[in-house]
Structure formats: C-alpha cells, structure tokens
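Thanks for sending this one over. Here are my notes, written to be read with the model open beside you.

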Amino acid sequence: MHFHFSFYSSILLIFFSQGIIFSFLLFKKGITYSKYPDKWLGLFILLCSLYLLPWMLGFAGWYSLQPYRDIMFYIPFQQLLLIGPCIYFYTQSLLNPAFRFKRKDWLHLTPAFAYLFYRLIIFITDKILLNQYYFYENGKDKNLDTWYQLAGFVSMVLYFSLSLRYYATYKKVIFQTLSFANNLLFIWIKKYLVAFLMMQVLWLLFFLFYPDWGNFKEKWWYYLSFSSLMYYIGITGYASKIKSLISFKLSSVENKSVFLLQNTTPDLPITEEIPLEETFNATANPETEEWKIKISHLLEKERLYENPNLTLQDIARKLNTNQTVISKMVNQGFKMNFNDFINSYRIEAIIDQFKKEEHKKQTILGISIDCGFNSKTTFNRCFKKQTGLSPKEYLEKLPKKQPKPEDFKE
C-alpha cells in the first residue's frame with residue numbers, strides 16, 4: 001500500500017492510530033461491562049479519527065495516484081453530521097443510567113443518512129452509469145466542500161448546546177433529589193464539553209482565516225490541534241469512572257417537569273414526577289405549612305441531615321408519602337431545592353458546634369463530616385453561601401466564650 005511518510009502525514013498517522021486504539025478499547029470496555037457511555041465515546045473517537053483521514057492520506061500522496069484517488073473521492077470518511085449527535089448521546093448515557101437509544105432518536109441521524117445517500121448517488125452516477133467523472137469533474141473531494149464543512153460545524157454547535165442543556169437539567173434533577181448533589185457534578189463532563197467546544201472554536205478560527213477548506217498546508221494545523229483534543233477526550237474518558245445515581249426522563253417542554261424512573265430499567269413504569277425550580281414562587285397554603293412542620297420536626301428529631309447520603313426518597317419514606325409531595329413542599333415552603341435545604345440544616349448544626357467551641361476539640365473538617373458533609377470543598381462553599389463568611393472568618397468573628405469562676409478552681 002502506498003504511503004508517503006512526511007512530517008505532515010506521519011504526525012497525523014500517530015494521532016489516527018492512537019484514536020483507533022482508544023476507540024477499540026472503549027468499545028471493548030463498553031461491551032465487557034455493559035457500559036453504554038463507553039460505547040458512545042468509542043464511536044465518537046472513531047468518527048474523529050476518520051475525520052483526520054483525508055488530510056493524513058492526502059499528505060501521504062493518495063490524491064495523486066489511482067486507485068487511491070477514487071477511494072478518497074467515493075468513501076465519505078468525514079461523517080461530520082454524526083459527530084454532534086454522538087457526543088449528545090454520550091452525554092445522556094453518562095448522566096442518566098436509564099437512557100437507551102430509542103426509535104425517535106434516529107431522527108437525529110437523518111442528516112447524516114441524507115448525506116450518505118447523496119454520496120451514494122455520486123458513486124453510482126460516476127462509476128456505474130457514466131463510468132467517468134461527472135460530479136468529480138473539478139477534481140475536488142466532496143468531503144472538503146465548504147457547504148458540507150459548514151453544515152458539520154453548525155451540527156456540532158447545535159448538539160453541543162443540547163448537551164449543555166441536558167447537563168443543566170441533570171444538575172436541577174440531582175439538586176432536587178439528593179443532599180450530596182455537589183459531589184455528582186462530575187468535573188470530567190465539564191472538561192470534555194470544554195474540549196468539544198474548543199474543537200468548534202478552532203474550526204471557526206481556521207475557517208475565518210482560511211475559508212478554502214481544501215487548503216491543505218494551512219488547515220493541517222487545525223487538524224493537528226483537533227487531534228490533540230481528540231486524544232485528550234479519548235484517554236481521559238477511558239480512565240474516568242463516572243457513575244450517575246439518578247435515572248430520569250424529561251417530560252414535555254410545556255410543563256418542564258422531570259420524571260424519575262423506578263430504576264435503570266427503562267421498561268418499568270414511571271413512578272413519580274419531580275418538579276423543577278418553577279415551584280419556588282408558588283403561594284404557600286395551609287397544606288404547605290403543615291408539611292413544613294412535619295419535615296422540620298423529622299429532621300430535627302432524628303437528625304437525618306447527618307446522613308451524608310440522604311435523599312429525597314429517604315424523607316418521603318419516613319413520612320409515608322412520595323417524592324413528588326416532599327419535593328413540592330420543600331420548594332414551596334422553604335423556597336429552596338432539596339440539596340440546599342438539607343445543607344442549611346447541616347450548616348446550622350455546625351454553627352451550633354462552633355458556639356459550643358467544639359472546634360477546639362476536633363478539626364473543622366471533622367465537625368463538618370459529623371454534621372453530614374462528605375467533602376471539604378462542598379462544606380466550604382455551602383458555609384460561605386449561607387453565612388457570607390468562610391468557616392475561619394466566622395470563627396474569628398464569633399464572640400469569645402467567657403470563662404466561668406469554677407474554671408479557675410483547682
């Protein structure tokens with residue numbers, strides 16, 4: 001097989017080979033451990049690797065020789081309209097254990113199938129019906145047409161936005177149902193979305209400075225940068241151990257509520273509807289006040305907030321009701337989501353310990369753990385949010401406890 005090794009082709013060959021390897025490893029991991037996110041990420045890395053092929057093989061001399069030239073012309077290596085949906089499905093499967101690819105999701109792939117059909121027509125016309133170049137009369141690869149590159153860019157921007165919105169919805173869900181939501185924000189998700197955004201920013205910059213996408217030398221630097229980001233996403237995604245705990249299904253756009261699933265099996269019926277922040281401004285009523293008293297009494301009596309893994313479902317079970325009721329009552333009665341509500345109790349308990357000068361007997365972190373926090377970062381953030389001060393600043397302003405006469409007795 002012909003391959004001209006040069007600086008340009010060799011560098012891209014390294015990234016292409018690594019991309020194929022990581023794609024294989026991700027598929028293997030996904031199949032072995034039944035992890036849907038790894039399968040989607042494997043497909044994403046594979047598509048990104050194929051995206052490099054026209055530039056790598058172009059610098060390797062494939063556009064100059066037959067039959068390699070026709071291979072480049074008639075095989076659509078760059079599936080730009082699949083990359084965006086792939087990262088969107090990866091985001092959903094990563095954040096929602098109940099996510100499965102359904103029949104309606106095929107609609108997201110319609111533009112990619114339409115482009116494949118268009119490329120099939122080109123192949124049949126040129127190679128079978130006319131047996132000569134018709135569509136390729138100008139000798140330019142259709143993969144590199146400006147309209148197609150621009151369509152791919154728009155698609156990726158669109159699905160980046162959808163992924164970002166899905167992550168925002170996920171955050172609302174966990175803050176409404178878990179008391180340890182801050183621990184499940186998953187830094188990796190932010191990192192790969194930023195990396196994916198950087199891919200689009202780079203594309204836009206190179207398009208503005210070099211509009212002709214067939215300009216190989218200038219665009220090579222874009223593909224080198226793209227390869228680096230792909231490599232980062234692949235190797236970091238393979239090593240990540242994210243495990244989401246909440247299975248949910250979005251309802252219609254009109255009421256913007258969220259349905260919690262019974263478990264990760266999508267065939268089981270939906271059990272409870274959990275509202276989002278829209279209920280914060282609802283007018284309180286006698287029923288709300290009654291539930292406020294019940295919830296507050298339960299938390300104070302049994303000190304449930306000391307459980308670092310406390311969930312909305314735990315409170316609902318204790319009060320013999322469902323999550324829908326408790327979620328609405330917390331939102332309407334206390335004007336907070338469940339996560340902030342429980343953390344407010346934890347902060348008050350910590351302040352009470354400070355006033356008793358327990359910080360002189362054990363560390364501040366130890367006190368925060370005893371009161372239900374399982375992360376120093378989360379504790380510091382919540383404490384400052386509620387008091388406006390860091391724990392250290394609060395202790396400095398706390399009035400000193402005056403010694404009693406008996407303290408001086410031997």
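**Notes on the model**

1. Let me begin with Glu 306, which counts as partly exposed at 30% relative accessibility; buried means under 20% relative accessible area, exposed over 50%, and partly exposed in between, with a 1.4 Å probe and protein chains only. Its partner is Arg 303: the two side chains meet in a salt bridge, 2.6 Å from N to O. Arg 303 is partly exposed too, with a relative accessible area of 38%. A salt bridge here is a side-chain nitrogen of Lys or Arg within 4 Å of a carboxyl oxygen of Asp or Glu.

2. Some ground rules before going on. This is a predicted model, in which local features need pLDDT of at least 70 and side-chain atom pairs count only at pLDDT 80 or more, while totals for chains, interfaces and linings use all residues. Residues are numbered from 1 along each chain as its sequence is written, and side-chain values use heavy atoms, with hydrogens and water left out.

3. How many salt bridges does the structure hold? There are 8. One of them joins Asp 70 to Lys 127, with the closest N and O atoms 2.8 Å apart. This pair links distant parts of the chain, since Asp 70 is in helix H3 (residues 68–74) and Lys 127 is in helix H5 (residues 110–129), 57 residues apart. Helices (H or I, at least four residues) and strands (E, at least two) are DSSP runs, numbered from the N terminus. Asp 70 counts as buried, at 16% relative accessibility, whereas Lys 127 is partly exposed at 32%.

4. Lys 294 and Glu 290 both lie in helix H9 (residues 286–302), 4 residues apart, or about one turn of the helix. An α-helix has 3.6 residues a turn, so residues three or four places apart point the same way. Both partners are partly exposed: Lys 294 has a relative accessible area of 36% and Glu 290 has 45%.

5. Leaving aside neighbours within four places in sequence, Tyr 222 is in contact (heavy atoms within 4.5 Å) with residues including Tyr 51, Met 199 and Trp 213.

6. Rings of Phe, Tyr and Trp (its six-membered ring) pair if their centres lie within 6.5 Å; planes under 30 degrees apart count as stacked, over 60 as edge-to-face and the rest as tilted. Tyr 88 and Phe 89 form a tilted pair, 5.9 Å centre to centre with 35° between the planes. Phe 89, buried at 1% relative accessibility, also pairs edge-to-face with Phe 101, at 5.2 Å and 85°. Phe 89 lies in helix H4 and Phe 101 in the loop between H4 and H5, so this pair ties together parts that are 12 residues apart in sequence.

7. H4 itself is mostly covered, with 15 of its 16 residues buried.

8. Last, is Asn 131 buried or exposed? Asn 131 counts as exposed, at 61% relative accessibility, and its place is in the loop between H5 and H6. Not counting residues up to four places away in sequence, Asn 131 touches Thr 125 and Asp 126.
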